[in-house]
Amino acid sequence: MAATSKCAFDSSPGLGIVVFGVSGSGKTTIGRLIAEKLGCEFLDADDYHSGNSIEKMRSGIPLSDSDRLPWLEKLRDLLAAYLVEEKPVVLACSALKSSYRDILRGASDERERKTREKSRVVFVYLRVSDLITARVESRFKAGGHYMPPSLLKSQLALLEVGDQQEHDVVTVDTSSEARVVAGDALNKLRSLLKTP
């Protein structure tokens with residue numbers, strides 16, 4: 001883990017930012033830009049899938065909740081480790097369902113349990129346009145990702161957003177250039193982080 005102390009706009013070092021959305025929405029690109037701007041560590045959840053899960057996706061088989069659970073728990077524990085050490089972090093992760101995001105939120109509970117200090121895990125949802133299918137097909141054909149376009153439909157079917165109970169989620173539109181999208185996300189996160 002890098003020895004980063006505080007994200008540029010947050011007074012507390014106990015901050016995890018999860019950039020989420022369907023495949024091809026730009027999670028890695030936008031997440032890296034946000035981390036770069038804030039001086040935070042960046043993690044890509046795709047790097048933590050099991051070999052079996054990667055093979056399933058490569059074969060066009062959607063992951064089940066039981067496939068995802070150990071992966072999400074690993075990501076939660078990874079986030080918690082950063083928060084406990086007071087190292088802010090940006091994670092790119094599909095986190096399609098609210099229950100998946102609840103697991104990741106548990107990282108802040110771990111820091112509070114170990115340090116008695118509060119931390120926050122917040123989320124940036126990358127809303128896609130109708131062009132997402134073409135983008136995923138182009139990326140797959142170019143060898144840019146192991147997940148075939150056929151799985152996009154299953155991801156869109158799983159996606160849960162817009163729940164008014166999720167007060168820690170900001171939504172950004174991805175139709176603009178990546179730096180514009182990242183800038184929009186940062187502005188919305190600044191507003192969100194001003195609230196208790």
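Reply: Helices are DSSP runs of H or I with at least four residues, and strands are runs of E with at least two, numbered from the N terminus. The model is a predicted one.

Me: How many helices and strands does the protein chain have, and in what order do they run?
Reply: The secondary structure of the chain comprises seven helices and five strands. Read from the N terminus, the order of the elements is β-α-β-α-α-β-α-β-α-α-β-α.

Me: What percentage of the residues in the protein chain is buried?
Reply: A residue counts as buried when its relative accessible area is under 20%. The protein chain has 196 residues, and the buried share of them is 46%.

Me: Which percentage of the contacts with a separation of 6 or more joins residues 24 or more positions apart?
Reply: A contact requires heavy atoms within 4.5 Å. Among contacts in the protein chain with a separation of 6 or more, the share from residues 24 or more positions apart is 77%.

Me: How are H1 and H7 oriented to each other: parallel, perpendicular or oblique?
Reply: Helix H1 spans residues 27-38 and helix H7 residues 178-193; their axes lie 9 Å apart, at an angle of about 60 degrees. Roughly perpendicular begins at 65 degrees and roughly parallel ends under 35. The two helices are therefore oblique.

Me: Which residues of H7 meet H1, and how many residues of the contact are nonpolar?
Reply: From H1, the contact includes Thr 29, Ile 30 and Leu 33. H7 contributes Ala 178, Arg 179, Val 181, Ala 182, Ala 185 and Leu 186. Of the residues in this contact, three are charged, one is polar and nine are nonpolar.

Notes: Residues numbered from 1 in each chain as written. Predicted model: local features only at pLDDT ≥ 70, side-chain atom pairs only at ≥ 80, totals over all residues. Heavy atoms only, no water. Buried < 20%, exposed > 50% of the residue type's maximum accessible area, 1.4 Å probe, protein only. Axes fitted to C-alpha atoms, helices over the stretch in contact; angles between N-to-C directions. Parallel < 35°, antiparallel > 145°, perpendicular 65-115°, else oblique. Nonpolar A, V, L, I, M, F, W, Y, C, P; charged D, E, K, R; others polar.
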